[in-house]
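Trainee: I would like to go through some terms with this structure in view. Please show it.

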Amino acid sequence: MPSARDRILSTITLAGLAITYPILAGGTGGFVWSFQLVALVIVACLLAAIQLDWHAGWMALIGIVPAVVGAFDQWLLLPLTLALLAVSYIISTQAMLHEIRTTLLLILAGFAQIMLTMADTHVLQSSYLLALVLMLTPFIIGVWSEYLPMWAISLVVFALCIAGFIMQQLTIIVVVAIMVLSLAPLRRRRDWWSAYWLGAAWLTSILMTVSFIHG
């Protein structure tokens, strides 16, 4: 089970990763703060707070209320939101490998971003999904560095970064950030805290948005 410090830091970084990128990315096209969107931001915060393992069941149940409010007029979002609450509860309460837990948290953050983006734009652009996959995948791969050859991880991360740059989904700044943050832990093969990988992805998402805004 993760330490109390890792849980606290994971909660903060998970919330930041889930919320910051959709808001920054949406802000470039006119982010609209409707009451449904506010409700889903609360859900995203609860998804992270559940990881504190402090009355996790009650937090998940409380999350149903803003989930229903946030899905108003977009009822297709409700199954996704309820599923995210259930998955967050399972991650928090079940014993599992550190690598599995961290991977699930990164995926959870990704789907939380999708939830917020759909609430704001009502559609999902393929370019947004591609950028999200290119941003998160290197860190998911890095999580498993203790079990995978260093050369294989480096090759896959490098290939993903080059592909993202060629497809104009990643800028040079983001490519450098991904390669440094995902490959640096390979020098010390140990269980890096979940908060590190979530924080690295969070920082990368901020750099991605800022670099596109300013060219």
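Mentor: Start with a definition: buried means under 20% relative accessible area, exposed over 50%, and partly exposed in between, with a 1.4 Å probe and protein chains only. The model is predicted, so local features need pLDDT of at least 70 and side-chain atom pairs pLDDT 80 or more, while totals for chains, interfaces and linings use all residues. Residues are numbered from 1 along each chain as its sequence is written, and side-chain values use heavy atoms, without hydrogens or water.

Trainee: Why is Val143 called buried?

Mentor: Its relative accessible area is 7%, and the cut-off is under 20%, so Val143 counts as buried. Val143 lies in helix α6 (residues 126-143); a helix here is a DSSP run of H or I of at least four residues, numbered from the N terminus.

Trainee: Which residues does Val143 touch, leaving out those up to four places away in sequence?

Mentor: Glu99, Thr102, Thr103, Leu106 and Trp197, where contact means heavy atoms within 4.5 Å.

Trainee: Which residues of α4 are buried?

Mentor: Leu77, Leu78, Thr81, Leu84, Leu85, Ser88, Ile91 and Ser92.

Trainee: Why is α2 described as largely enclosed by the rest of the structure?

Mentor: Because eleven of its 15 residues are buried, among them Leu37, Leu40 and Val43.

Methods. Helix = DSSP H or I, 4+ residues; strand = E, 2+ residues; numbered from the N terminus.
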